[in-house]
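Welcome, and thanks for taking a look with us. Please open the model below and keep it in view while you read.

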Amino acid sequence: MQVHFISLGCDKNLVDGEVMLALLERGGHTITSDPLQADAVIINTCSFIQDATQEAIDTALEMSAYKTEGRCKALILTGCMAQRYRDEILGQMPEVDAIVGTGDFDAIEDVLARAYSGERVFHVTDKRSLTDSNILTQRVASTTRHYAYIKIAEGCDNRCTYCTIPSIRGSYVSRTMESLIKEASVLASSGVRELVLVAQDTASYGKDISGGDVTLAALLRKLSYIDGIERLRILYAYPENITDALIAEMASNPTTLNYIDIPMQHADDEVLRRMGRKSSRAALKKIVSDLRRAIPDICIRTTFITGFPGETQEQFENLMSFVSEMSFDKLGVFEYSQEEGTPAAAMPGQVPARVKAQRKDQLMSLQQDISRRKLASRVGQSLEAIVESFSPEEGFYIGRTYLDAPSVDGVILFKSPRKLRSGDIIRVRITGSSEYDLEGTAEYS
């Protein structure tokens, strides 16, 4: 059977999608990029915010057309939207032939067969994802083969008042270190050189495992011993869970990149309290200071939310002043999304959409100036870069330095007199910069 597979949403969802692709291929199915030729279409959905849910609905409706225009006989939804809105999909989306929950993707092949035969299948349970199963070591890469995301835990215990993830994916469950080392070894043997560690909160890794010796710092050390793994990158480390031991490991471990993503979400103490966050402005400043003291050239990425219920102009200005003072290397901004079932959705003082958007634009404009200045200071430096691709029209290579996580950050554009391959790691002399990207020339001794 030919299957067209679409993965929406975050990189954690992408990992689940890669596992499902491997299961389908092992079952004898062929993955096709052409939905017109597909016997079945599977959409791995996101439902973190309203826009993501709407994107999933729109994609499902778009793909349902191939049931009449093409040869598709089964349209299947998996992932967060399928888990969150199982009843609504059942009653309101007759175009959908099957749904599979976030903890049930090991059933994808069986569900596909049943849906293709004409049965309407709803396989959504409260089972947790197969965090320790050998199934996770088999994946079909959907990124370039020299880097991969590795999901070190499932679920979340932070219970932020705006977030739906705990209700969709459950409480925090760390994967065993053994399963992660096994998966990373398989990825390394397939050519992966950079591992990007992801979870809802990577810094909480191991806190649910008794013994105290299972930590993110210990995991980094173990992963760095794997032959072929040359770069380890940390995303989504909640600030209150960043320990001195983790900072020390990052500072001393040459495989761990001097990069960390810390979702802070705000910097006004009252807004943080209403968000259900465990940090304060002072605590956030201390974490940034501790990291920069231990690792002077560290790249710190963060995200913030504008327009949280009750956010006043003064509180927003507190956030702006914090961003200006901290001078983050990378920064993303989201407008608050009023998600049904969350405590924040029922809070008074919902901020108008226009104000949320204006504040987002103001914050991003500030960050653009900061980013432009910080990247300009890099001109004249020499940095290692991993090659992503080559642009034959422009005659330059596209790569990423340690400053750049895949998909969310910038790139470095550089010339090289020698032919390079995707995944090569070389040194590049920085010769120019823009708001988000660098330019350079490959260096050879």
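What follows is a set of questions and answers about this model.

This is a predicted model, in which local features need pLDDT of at least 70, side-chain atom pairs count only at pLDDT 80 or more, and totals for chains, interfaces and linings use all residues. Residues are numbered from 1 along each chain as its sequence is written, and side-chain values use heavy atoms, with hydrogens and water left out.

Q: Which residues have the most contacts inside the largest nonpolar core?
A: A nonpolar core here is a set of buried Ala, Val, Leu, Ile, Met, Phe, Trp, Tyr and Cys residues joined through side-chain atoms within 4.5 Å. Buried means under 20% relative accessible area, exposed over 50%, and partly exposed in between, with a 1.4 Å probe and protein chains only. The largest such core holds 56 residues, and those with the most contacts inside it are L197 and I260.

Q: Which helix gives the largest share of this core?
A: Helices (H or I, at least four residues) and strands (E, at least two) are DSSP runs, numbered from the N terminus. The largest share of the core amounts to six residues, and they come from helix α13 (residues 313–326).

Q: Which residues does I260 touch, not counting those up to four places away in sequence?
A: Contact means heavy atoms within 4.5 Å. With residues up to four places away in sequence not counted, I260 touches I234, A237, I242, M250, L291, I298, C299, I300 and R301.

Q: How many residues are in the second, separate core?
A: Y236, L257, Y397 and A405 are included in this second core. Its size is 26 residues.

Q: Which residues lining the largest pocket are the closest to its centre?
A: On a 1 Å grid over the protein atoms alone, a pocket is an open set of points with protein on both sides within 12 Å along at least five of seven lines, a cavity is a set of points where a 1.4 Å probe fits but cannot get out, and lining residues have an atom within 4 Å of a point. Grid points are joined across faces, edges and corners, and a volume is the space filled by probe spheres set on the points. The largest pocket has a volume of about 1,200 Å³. Of its 50 lining residues, the closest to the centre are C10, K12, F48, Y236 and F334.

Q: How many charged residues does the lining of the largest pocket have?
A: Ala, Val, Leu, Ile, Met, Phe, Trp, Tyr, Cys and Pro count as nonpolar, Asp, Glu, Lys and Arg as charged, and the others, Gly among them, as polar. The lining has 25 nonpolar and 12 polar residues, and the charged ones number 13.

Q: Why do the buried residues of α6 line one face of the helix?
A: The buried residues of helix α6 (residues 108–116) are I108, V111, L112 and A115. They line one face because, seen down the helix axis, they fall within an arc of 100°, taken over the directions from the axis to the C-beta atoms.

Q: Is G423 buried or exposed?
A: G423 lies in the loop between β17 (412–415) and β18 (425–433). Leaving aside neighbours within four places in sequence, G423 is in contact with H146, R193, I386 and V387. With a relative accessible area of 4%, G423 is buried.

Q: Is Q265 buried or exposed?
A: Q265 belongs to strand β12. Although not a glycine, Q265 has a positive phi of about 75°. At 9% relative accessibility, Q265 counts as buried.

Q: Is S407 buried or exposed?
A: S407 sits in the loop between β16 (396–400) and β17. Its phi is near 75°, a positive value in a residue other than glycine. With a relative accessible area of 71%, S407 is exposed.

Q: What distance separates the C-alpha atoms of R273 and C160?
A: R273 is in helix α11 (residues 269–275) and counts as exposed at 56% relative accessibility. R273 and C160 are 113 residues apart along the chain, and their C-alpha atoms are separated by 9.6 Å.
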